[in-house]
Amino acid sequence: MFSPVYLDHNATAPLDARVLEAMLPYLGSRFGNASSRHEYGRQARRAIDEARAAVAAAAGAHPTEVIFTSGGSEANNLFLKGAAACLRPAAVAVSAVEHPSVRESARQLVALGWKLREIAVDRAGRVEADAFDAALAEGASLCSVMLANNETGVLQDVAPLAGRARAARALLHADAVQALGKMPVDFRALGVSALTLSAHKIGGPQGAGALILDKRVELAPLIAGGGQERGLRSGTENVAAIAGFGRACELAIAELDGHARRLRRLRERLERGLAALGALVFGSGAERLPNTVFFALPGLDGETLVAQLDRAGFACASGSACSSASPEPSHTLLAMGVAREAARGAVRVSLGRGNDERHVEQFLVALADTASRLKRMPAVAV
Amino acid sequence: MLKLPIYLDYSATTPVDPRVAEKMIPYLTEKFGNPASRSHPFGWEAEKAVEEARAEVARLVNADPREIIWTSGATESDNLAIKGAAHFYSGKGKHLITVRTEHKAVLDTFRELERQGFEATYLDVMENGLIDLAHFERAIRPDTILVSVMLVNNEIGVIQPVAAIGEICRDRGIVFHVDAAQATGKTPIDLQELKVDLMAFSAHKTCGPKGIGALYVRRKPRCRIEPQMHGGGHERGLRSGTLATHQIVGMGEAFRLAREEMAVENERIRMLRDRLLRGLSDIEAVEVNGDLDARVPHNLNVSFAYVEGESLIMAIKDVAVSSGSACTSASLEPSYVLRALGRSDELAHSSIRFTIGRFTTQEEIDYTVDLLHRQIAKLRELSPLWEMVKEGVDLNTVQWAAH
């Protein structure tokens, strides 16, 4: 069977075979409900405890700081809405390039009396420290800045921002969904109040994520019920996915250095080829994730390019999967001051474990072919 | 050869049917796409699988696939339905009605809404665990906007009269939510017939995987809810977050199997339950909790008088059962459901929920009956209360000395 080359790892990554192996017992004979007091329940509880320790270790946190959720979106919602519910309404400040689950959660707080502040980024996509300070000065008590952007891969220097937030007695949350497994993530060193993680971006299963939470932060749950996760997240634990998340974290940490180095080499090779084609790489002035390239070829529409690349056997994206239903240009690029027309040209390639030098070479050839073909068809060029 | 402990706790969770697991595996290996990816076949393949599963879930309950919203489980579905509808319709009124024997996912959500300024009525149940319809009608107020009643109780398995409740709610323009987590595959559900506006489902109580559930949201007449999780706008904006394709596929397959096999399976399970009931009926001072007719065949909840609850659980370690629901079994409080039936603390403490399912065998039931006979006899031998009862003392007339 013809199988396209997968270059969309920031949307979701294939499950690691070793992770599947760790999950299968919980889809088989170890099926208990972790709240049950009999042996089936205890088996499930042990699996969750082990996974909690592994997730904590991967994020430089203590196991008791890990709250399992159904994924990154839920963790982002839980922190912003849950912390806001325990604070007097003031201002909530989120960077202009956050994931929709952060932006929309923050927007929901407006109806509860909160003021929404968007923290500007510079042309390279980095949060401006002055803009962050200004938000704090305007009374922001709740802030969120992601560690790495899902579209551009641009990294934020969160630790100094966390220091400023602490000095202003504000809570800072960081969405680390795209960062985990591609760069070191250390909850203590970052000094943030909370951190969002997701399993399926690091070779774990879809359906598991976590909020790492400083226990001094008061939080109201989003989902009430049986009182699981210290009452902060009710609902029968998804044992198989949690076990898979734990295993994926162990592997991510054990293999981080080699993996990141390999990805960076592939990305550099890709970017040399793109430069030769005259591509513009967004966020290239900033430090970025080793696996992500968000680029445009002047005069070519991104959607069209991605569709043509798909036909040539390469699966990439014109932006994040979460907003891929909308025809709007990437909000991340607009926030960086990229013109709408240029933003419409964007194509995201995000590399992963299964990719090698050959894929990159083949992709560059296909891209050059597609581009020259499209340029001869003025109707589709923008 | 019997594998110990024998699993008789199917209402806590069920094994994943091997046929379900098999269907899930490809989505954990080569078909790993994000269903929201629109630009390549990995995404399309995942989206197609998600939609096929949605159709299967809808088919089991005779609904339109467009009325099914994926969630992480029934607890989330209950939260989304109750908070979502209460907030959406709060302009019409602030009064909500539910029942004392509901699952914690409903009761705790009601408590949260009370803290936010809603008023709630918690209906008592009759001694058989069912609600009294006349009593329910009297509880309705002009400002009642939402009623939540479970279809099948998780502890005693009784089936509430949701058809009649639905008629009453529809007549008065009240949104009606039903927690059906324990009902799918156990009793037929026809949402074309039932006047239910919202219904919560779970996969892992019906031989599907944990971590996936759904909420039915009626289109005609249209029921509106406010989303509780925001982000990428998945599930038509009602529930954001990347869909877990393999789990969704598993839920679809589990519900397909339930639809196809329910009739035959339930007869087999009823036979096993009746065998268990007959076997336990020989033991003295045994009482069944909850109505035996309006009840799913999977459940038998029994109180063993004059036996101490914790010792009983320890004595029958070879069978995995629970003394309440799994969600509250970490606490040593007696079951609030049994208390609501009027059982004393002591009797509630010495009650066992046996729940039978797809993989239970007759041999396992016979072993369980035999074990209970032996262990109850042994425990009562040590019980001074039992000795008094056997001597003909009416314990209610005894004046106990204070310590």
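B:Tyr306 sits in the loop between β10 (299–304) and α8 (309–315) of chain B. The model is predicted. Phi of B:Tyr306 is near 60°, a positive value in a residue other than glycine. Most residues other than glycine have a negative phi, and most peptide bonds are trans. The points below take up exceptions of both kinds in chain B.

**Positive phi**

- B:Tyr306 has 21 other C-beta atoms within 10 Å, so this residue is buried. The cut-off for buried is 20 or more.
- B:Arg236 is not a glycine either, yet its phi is positive, at about 50°.
- The loop between β8 and α7 of chain B holds B:Arg236.
- Is B:Arg236 buried or exposed? B:Arg236 is exposed, because it has 10 C-beta neighbours inside 10 Å, and a residue with 12 or fewer counts as exposed.
- In short, B:Tyr306 is buried, whereas B:Arg236 is exposed.

**Cis peptide bonds**

- Which peptide bond has omega near -5°? That is the cis bond from B:Leu4 to B:Pro5.
- B:Pro5 belongs to the segment before β1 (6–7) of chain B.
- Another cis bond links B:Lys220 to B:Pro221, with omega about -15°.

Notes: Residues numbered from 1 in each chain as written. Chains lettered and ligands numbered in written order. Predicted model: local features only at pLDDT ≥ 70, side-chain atom pairs only at ≥ 80, totals over all residues. Helix = DSSP H or I, 4+ residues; strand = E, 2+ residues; numbered from the N terminus.
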